[in-house]
Amino acid sequence: MSNPGSEPFVPRLLPSYGRKRGKKLKPRKAELWQNLLPQMLYDGKPRPSLHLEIGYGSGEYLAQKAKLYPERNYIGCEVYENGIATMLSHIEKNNLKNVQLYTEDARLLLQSLPAQSVAGADILFADPWPKRKHNKRRIINPDTLDLLSKLMPSGAPLFLATDHYEYLQWIMVQMMAREDFIWDGNWRTPPADYVMTRYEAKARADGNNDIHYLQFVRA
Ligand SMILES: C[S@@+](CC[C@H](N)C(=O)[O-])C[C@H]1O[C@@H](n2cnc3c(N)ncnc32)[C@H](O)[C@@H]1O
């Protein structure tokens, strides 16, 4: 039993991200952080055709998707300050009205959204946490998938991508063990509306073209 006034016990999430802070923001980005971010933060109101991107990095994929699909409402989740600031520049440049930003651990958002409220979700190049002792930090795990499963109605797409072969095996083991997400059986071809992310561009520039695109739908 908790003491009166104390917080209920909430198990701590192991961070699935590397760092929240990088280089000091340049003046223009610092200004966007100060003035634009407060208007762009997720406000908790229900929205139709809600799509999530978890770990959008610098946001080029998210911005492009929001531009391409003005009828959708996007929530982009990212904790890395420089990435969030770059996303703010995309929002400003493209005058995006259908994106909101969630700047805490995405799993807290997943826990708070109503069941069946997410029409699609993308997790691209999640941190691979290659050392075995860090595997438990991988965001694609049964707990995250259970949350997404609850949030996504039948037919909703879940799109994952990785350039890391061992993480690919991990993902496939997780996904094949489940009956609530169905794989389309292809991992070589991205969806027709795919936009290359910064992480993928860097992987390819470094000579790693072993990129796997995994499309699932909620059963
Ligand atoms: C390897 S980067 C890939 C970024 C981007 N998707 C791309 O392809 O360029 C993974 C990103 O996920 C973010 N991330 C990891 N765990 C997260 C979480 N629980 N909530 C929000 N963002 C997260 C990290 O901060 C990092 O920017």
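Visitor: Which residue in β7 does T162 stand opposite?

Guide: In this predicted model, T162 stands opposite H212 in β7. The two strands involved are β5 and β7 (residues 212-218), which pair in the antiparallel sense over 6 bridges.

Visitor: In which sense do β4 and β5 pair, parallel or antiparallel?

Guide: Strand β4 (residues 120-124) and strand β5 (residues 157-162) pair in the parallel sense, over 4 bridges. One point to follow there is L124, whose bridge partner in β5 is A161.

Visitor: How should I think about side chains along a strand?

Guide: In a regular strand the side chains alternate between the two faces of the sheet.

Visitor: What unit do β4, α6 and β5 make?

Guide: With helix α6 (residues 142-151), β4 and β5 make a β-α-β unit, and this unit is right-handed. The loop between β4 and α6 contains A126.

Visitor: Is A126 buried or exposed?

Guide: The cut-off for buried is 20 or more other C-beta atoms within 10 Å. A126 counts as buried because it has 22 C-beta neighbours inside 10 Å.

Visitor: Which residues does A126 touch, leaving out those up to four places away in sequence?

Guide: A126 touches G55, R138, I139 and I140.

Notes. Residues numbered from 1 in each chain as written. Predicted model: local features only at pLDDT ≥ 70, side-chain atom pairs only at ≥ 80, totals over all residues. Pairing = 2+ DSSP bridges. Right-handed = clockwise from strand over helix to strand, strands pointing away. Buried ≥ 20, exposed ≤ 12 C-beta atoms within 10 Å, placed from the backbone. Contact = placed C-beta atoms within 7 Å.
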